[in-house]
Amino acid sequence: MEAHKIEAVLTEDGTLMLRGLPFHTGDAVEVIILSAKTPQNKGAVPSQPETNLYPMRGKVIRYDDPTEPVALSDWEVLQ
């Protein structure tokens with residue numbers, strides 16, 4: 001038996017949408033619903049595919065003087 005964990009939030013009408021499941025049409029699945037230990041923000045209703053755990057992945061990153069010291073004036077020892 002394979003187990004796949006997906007966290008989702010019910011809509012106001014009690015509907016639960018599960019997208020992106022790793023199964024094929026016609027596969028038999030068993031569904032067990034547990035309440036989450038930590039409640040999520042009740043104002044937002046994220047769906048699984050739209051939730052991006054790594055929003056900066058694939059973005060262009062540019063470093064200006066990466067070896068230059070930062071905030072030297074904030075160090076008391078140097079004054």
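The legends below describe close-up views of a predicted model.

**Figure 1. Overall view of the predicted protein.** The protein has 79 residues, and 1% of them count as buried. The accessible surface comes to about 8,400 Å². Carbon and sulfur atoms account for 55% of that surface.

**Figure 2. Nonpolar surface patch that includes Leu10.** The patch covers about 720 Å².

**Figure 3. Surroundings of Ala8.** Leaving aside residues up to four places away in sequence, Ala8 touches Leu16, Met17 and Leu18. The C-alpha atom of Ala8 is separated by 9.8 Å from that of Arg19, a residue 11 places away along the chain. Ala8 counts as partly exposed because its relative accessibility is 34%, between the limits of 20% and 50%.

**Figure 4. Salt bridge between Glu7 and Lys5.** Side chains of opposite charge can pair when their charged atoms come close. In this view the closest N and O atoms of Lys5 and Glu7 are 3.8 Å apart, and the cut-off for a salt bridge is 4 Å. Lys5 is exposed, at 74% relative accessible area, whereas Glu7 is partly exposed, at 46%. A search of the whole structure finds 2 salt bridges.

**Figure 5. Salt bridge between Asp64 and Arg62.** The closest N and O atoms of this pair are 2.9 Å apart. Arg62 is exposed, with a relative accessible area of 68%. Asp64 is exposed as well, with a value of 55%.

**Figure 6. Arg57 over the ring of Tyr54.** The charged end of Arg57 lies 4.5 Å from the centre of the Tyr54 ring and sits over that ring. As for pairs between aromatic rings, the count comes to 0.

**Figure 7. Backbone at Asp65.** Asp65 has a phi angle near 50 degrees. The value is positive, in a residue other than glycine. Asp65 is exposed, and its relative accessible area is 56%.

Terms used
Residues are numbered from 1 along each chain as its sequence is written. This is a predicted model: local features need pLDDT of at least 70, side-chain atom pairs count only at pLDDT 80 or more; totals for chains, interfaces and linings use all residues. Side-chain values use heavy atoms; hydrogens and water are left out. Patches are made of residues with over 30% relative accessible area and no salt bridge: like charges are joined within 9 Å, nonpolar side chains (Val, Leu, Ile, Met, Phe, Trp, Tyr) within 5 Å. Accessible areas come from the Shrake-Rupley method with a 1.4 Å probe; for residues, only the protein chains shown count as cover. A salt bridge is a side-chain nitrogen of Lys or Arg within 4 Å of a carboxyl oxygen of Asp or Glu. Buried means under 20% relative accessible area, exposed over 50%, partly exposed in between (1.4 Å probe, protein chains only). Rings of Phe, Tyr and Trp (its six-membered ring) pair if their centres lie within 6.5 Å; planes under 30 degrees apart count as stacked, over 60 as edge-to-face and the rest as tilted. A charge sits over a ring if NZ of Lys or CZ of Arg is within 6 Å of the ring centre and within 35 degrees of the ring normal. Contact means heavy atoms within 4.5 Å.
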